[in-house]
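Keep the sequence and the structure in view while reading.

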Amino acid sequence: MRRSVFAVLTAALVIGMGTIGTGQKNFVARAQQKPETTEVKIDNFSFGPATLTVPVGTSVTWTNRDDIPHTVVSTEGVFKSKVLDTDEKFSFTFSKAGTYPYFCSIHPKMTGKVIVQ
Amino acid sequence: MADRVKDEILHDHNDDGIDRRGFLKCMAWAGTGALCVMSGGVLKSYSLSRLPDLSPKEALGELSFVQISDSHMGFNKPANPDVAGTLKAAVDKINGLSAAPEFMLHTGDISHLSKPEEFDTVDQILKSAKPKDVFYVPGEHDLLNDDGKQFLERYGKGSKGGGWYSFDKKGAHFIGLVNVMNLKAGGLGTLGHEQLEWLEDDVKRLKHSTPIVVFAHIPLWSVYPEWGWGTEDSAEALGYLKKFGSVTVLNGHIHQTMQKVEGNVTFHTAASTAFPQPQPGKADSPGPMKVPAEQLKSVLGITDVNYVQGQHALAVVDSTLA
């Protein structure tokens, strides 16, 4: 799994390098970050981190660590998990840049967003 | 007798039937068991232990029903590994009431994960209750994965839209509302335009003297919006009920008893039969609260409601399962 993410990142990097010179450095720095940043934990009725910034092509995994079920639902209808009971996971791969706000459709006060660059 | 006079409300400065001290007293009893009787426009409160002193008419009224809530069948975490057992204890409590209630209201979260077997288990347990009719409204846990299709098939016969309906019993008008569908990011419970229109129309024909009982899952008053404990458009719904002399609003969702009186409206939330939740803001989140096993039944419960015809009296009594 880690290997395939790396492959995607490398491919993205090659494309990125061909475009803008100044953005290149940041991109390299991001691509070298550890894969933990692709994890969102649901704890105490909140998403952590509430805002996650990832490169295009990243697969983000949400894990419910509460005693109560939650969902991960894109506000704009891009993705929608099934109900996640305790310790259940949901993953989504972001293939396009943009800002993706989402919430728990059971407890709509719980909101978060993924920024894909 | 002297004691009894002391426990009634004698000062009513605002002509709204409630004095502050009496209301606080009523609040303090919630959870341990309180009886609040609205009679002739005056709210009187008694502790549960004093019930034997009341005449049957005062205590029981002509219409008696019981509210249960938040059974969360399927929940199996440390806060209560046996929610079937505590629901059975609630049924035992109901069957032990001195006057058998005519019917039951279930204010939602029947199931924990909307699984068919969870609903089946609740149905099976409630069959042993003396009252045979149960009126349901859904909680958010009952509509998971299928937008409520299964809930409507099981419990929504004769209901409108997302499951709302009304019925009359002995001169009182009951309204079951659904405020757990189509929830918006960052928002609270919501009734929605279609349901509000239906409500306005539903109560149009009723006399102002008709006692109204509204029941819905999420509180229709702002208990603690930070935890989503409120309903976005409840003010509009309550606006249609302003003309009525007596309105009682029964909710669940927050797994604890709470009461508030505003004008002619009495708001009341019931305890869960499954597990308690913390008081508003008293924990990091509204997640299940673990209490020592021997205390669990003292924080779970049922709510018994009595109505005295012709006296505008609705009495709300909470009892724990302990």
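In chain A, four strands make an open sheet of mixed pairing, ordered S3-S8-S7-S5. Strands here are DSSP runs of E with at least two residues, helices are runs of H or I with at least four, and both are numbered from the N terminus. Two strands pair if DSSP finds at least two bridges between them. Strands S3 (51-54) and S5 (73-74) of chain A are the edges, each pairing on one side only.

This is a predicted model, in which local features need pLDDT of at least 70, side-chain atom pairs count only at pLDDT 80 or more, and totals for chains, interfaces and linings use all residues. Residues are numbered from 1 along each chain as its sequence is written, while chains are lettered from A and ligands numbered from 1 in the order in which they are written.

## Strand pairs

| Strands | Bridges | Direction | One partner pair |
|---|---|---|---|
| S4(A) and S6(A) (89-93) | five bridges | antiparallel | Val60(A) and Phe92(A) |
| S6(B) (165-169) and S7(B) (172-176) | five bridges | antiparallel | Lys169(B) and Ala172(B) |

Strand S4 of chain A spans residues 59-64. Its covered face holds Val60(A), Trp62(A) and Asn64(A). Its uncovered face holds Ser59(A), Thr61(A) and Thr63(A).

S6(B) and S7(B) form a hairpin, with two residues between the strands. In the turn, Lys170(B) has a positive phi of about 50°.

## Chain B and the cores

Chain B has eight helices and 13 strands. Of its 322 residues, 49% are buried. A residue is buried if 20 or more other C-beta atoms lie within 10 Å of its own, exposed if 12 or fewer, and partly exposed in between, with C-beta atoms placed from the backbone. Among contacts in chain B between residues at least 6 apart in sequence, 69% join residues at least 24 apart. A contact means that two C-beta atoms, placed from the backbone, lie within 7 Å.

A nonpolar core is a set of buried Ala, Val, Leu, Ile, Met, Phe, Trp, Tyr and Cys residues joined through C-beta atoms within 7 Å. The largest has 67 residues. Among the members that touch the most others are Ala90(B), Leu177(B), Val214(B) and Leu220(B). H4(B) gives this core its largest share, seven residues. A second, separate core has 17 residues, including Ile42(A), Leu52(A), Val60(A) and Leu84(A).

Val214(B) touches Ile175(B), Leu177(B), Leu220(B), Val247(B) and Val249(B), leaving out residues up to four places away in sequence.

Helix H4 of chain B covers residues 83-95. Its 13 residues reach 18 Å from first C-alpha to last, close to the 18 Å expected at 1.5 Å a residue. That expected span is 1.5 Å times one less than the number of residues. The buried residues of H4(B) include Val83(B), Leu87(B), Ala90(B), Val91(B) and Ile94(B). Lys93(B) is also among them.

Why does Glu117(B) count as exposed? It has 10 other C-beta atoms within 10 Å. Glu117(B) lies in helix H5 (residues 116-126) of chain B. Its C-alpha is separated by 23 Å from that of Pro131(B), 14 residues apart along the chain.

Tyr224(B) sits in the loop between strand S8 (212-215) and helix H8 (234-239) of chain B. Tyr224(B) is partly exposed because it has 16 C-beta neighbours inside 10 Å. Setting aside neighbours within four places in sequence, Tyr224(B) contacts Trp229(B), Pro280(B) and Gly281(B). Gly281(B) is 57 residues apart from Tyr224(B) in sequence, and their C-alpha atoms are 7.9 Å apart.

## Interface and confidence

At the interface, 18 residues of chain B contact 18 residues of chain A. The chain B side divides into eight nonpolar, six polar and four charged residues. Here Ala, Val, Leu, Ile, Met, Phe, Trp, Tyr, Cys and Pro count as nonpolar, Asp, Glu, Lys and Arg as charged, and the others, Gly among them, as polar. The predictor gives the complex an ipTM of 0.78 and a pTM of 0.80.

pLDDT is the predictor's confidence in each residue, from 0 to 100. Chain B has a mean pLDDT of 83, and 79% of its residues reach 70 or more. Confidence in chain B is highest in H5(B), at 98, and lowest in helix H1 (residues 2-6), at a mean of 37. Over residues 1-52 of chain B, pLDDT stays under 50. Where pLDDT is low, the predicted coordinates should not be read in detail.
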